[in-house]
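This briefing covers strand order, helix packing and nonpolar cores. Please keep the sequence and the structure open while reading.

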Amino acid sequence: MTLPTQPLSVTRLAGSRHDIGTAHGRIHARLIQHSLGVYAQLFHDFVGIRWEEARQEAERFQAMIERGFPTILEEMEGIADGAGVDFADILTLNCRSEIALTRASGGCSAFSLQRQGRQWLAQNWDWRTDQLHNVVVLRIEGIGTTPLVSVGEAGMVGKVGMNANGIGVCLNAIRSQTCGDGLPIHVALRKILESPDWESALDVARNDRVCSPAHFLLAAGDGRAMGLEVQPGEPGRLTPQDGIVTHTNHLYAAGCQVQDFPRIDSQPRLQRLDTLLHDELASDSDVDEATLFDILSDHHNAPLSICRHFNPDQPPDERMETLFAVVMELSERRLTLRHGKPCETADSLTLSLA
């Protein structure tokens, strides 16, 4: 059993881009330093490069960010200043998917659900155990931008979350050797979280594009939802079936031209999500956070289950564990988080942007 050592708290950040970044870096300097060490080891073990080489590789993404979301670079500079590290270190951390996911894929099971006029969005984030204690919850109110909540890794500008306009996004990692032109995954997620409306959120995938494959599950408080298998080209799209979209870590949208290399657990988890949501959850049943955390706690077909636990029998690069579970009620702008495996605790952190 791997448990967090202490409850997560909310880090409130406000002001200019640089102000937000500096406070983020200063408050979470220790966690950021630890994250840099985690990814230095991951790059060495699974990609075969040293941290300095990873920094050099990350440089090519800076020009893409300057074209698609230049102001976020100011925030990265602030994070570096606050944490006492180089800007190149923070840039590399925020491009870690593009550097690592050719060989070391993550997990994650995500779904959107519309029931009785309420729009839900939920996922487990499965990744390396050594990142469990580097999870942070950021509540960001930038000058002239949409207030948002992002749950992710210290030193990174975005991941899973929602904003005050009722736009939410979840992430599924995709292992692929494709990497082209567009925004890095975590930078694109932050731009979505700042979107003022649904069409602006979709435009990140349609117009800015994302330089390496991933799945972004978007939903809005007005009941809209769509799965976007993003990549440097036109994204594959998944529309709700009976109010539901499900996704794990392989590509399956019609017409997708990108090759992926999924782990063996991805298909069983998707099938189980579909069974739980389409077959076992009655269309007229009452749904709340506890209901959806129960789904995220499912252990059917373990160790290839939705809620994932350490399995020493798996190869090292497949030993993913569930590090947090999040459920969002976007109609009410409410996000509830369980740090660690959702089956091991009922303690939750709830934030509201209503």
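In this predicted model, six strands form an open sheet in the order β11-β2-β3-β12-β13-β14, and their pairing is antiparallel. The edges of the sheet are β11 (244–247) and β14 (349–352), each of which pairs on one side only. From one strand to the next, the twist averages 10°.

**Sheet contacts**
- Strand β2 (residues 109–115) runs antiparallel to β11 and is joined to β11 by four bridges.
- Within this pair, L113 lies opposite I244 of β11.
- Helix α9 (residues 266–280) packs on the sheet and touches β2, β3 (118–127) and β11.
- The direction of α9 makes about 160° with that of β11.

**Helices α3 and α4**
- The axes of α3 (residues 51–68) and α4 (residues 71–83) come within 7 Å and cross at roughly 125°, which makes α3 oblique to α4.
- On the α3 side the contact involves Q62, I65 and E66, and on the α4 side I72, L73 and M76.
- By type, the residues of this contact are four nonpolar, one polar and one charged.

**Nonpolar cores**
- The largest nonpolar core has 94 residues, and the members that touch the most others are F43, M76, F216, L218, M328, L335 and L337.
- Helix α2 (residues 29–47) supplies the largest share of this core, eight residues.
- Leaving out residues up to four places away in sequence, M328 touches Q119, W120, L121, V160, G161, M162, V169, C170, R334 and L335.
- A second, separate core has 17 residues, among them L276, L281, V287 and A325.

Notes:
Residues are numbered from 1 along each chain as its sequence is written. This is a predicted model: local features need pLDDT of at least 70, side-chain atom pairs count only at pLDDT 80 or more; totals for chains, interfaces and linings use all residues. Side-chain values use heavy atoms; hydrogens and water are left out. Axes are lines fitted to C-alpha atoms, for helices over the stretch in contact, and angles run from 0 to 180 degrees between N-to-C directions. Helices (H or I, at least four residues) and strands (E, at least two) are DSSP runs, numbered from the N terminus. Angles under 35 degrees count as roughly parallel, over 145 as roughly antiparallel, 65 to 115 as roughly perpendicular and the rest as oblique. Contact means heavy atoms within 4.5 Å. Ala, Val, Leu, Ile, Met, Phe, Trp, Tyr, Cys and Pro count as nonpolar, Asp, Glu, Lys and Arg as charged, and the others, Gly among them, as polar. A nonpolar core is a set of buried Ala, Val, Leu, Ile, Met, Phe, Trp, Tyr and Cys residues joined through side-chain atoms within 4.5 Å. Buried means under 20% relative accessible area, exposed over 50%, partly exposed in between (1.4 Å probe, protein chains only). Two strands pair if DSSP finds at least two bridges between them.
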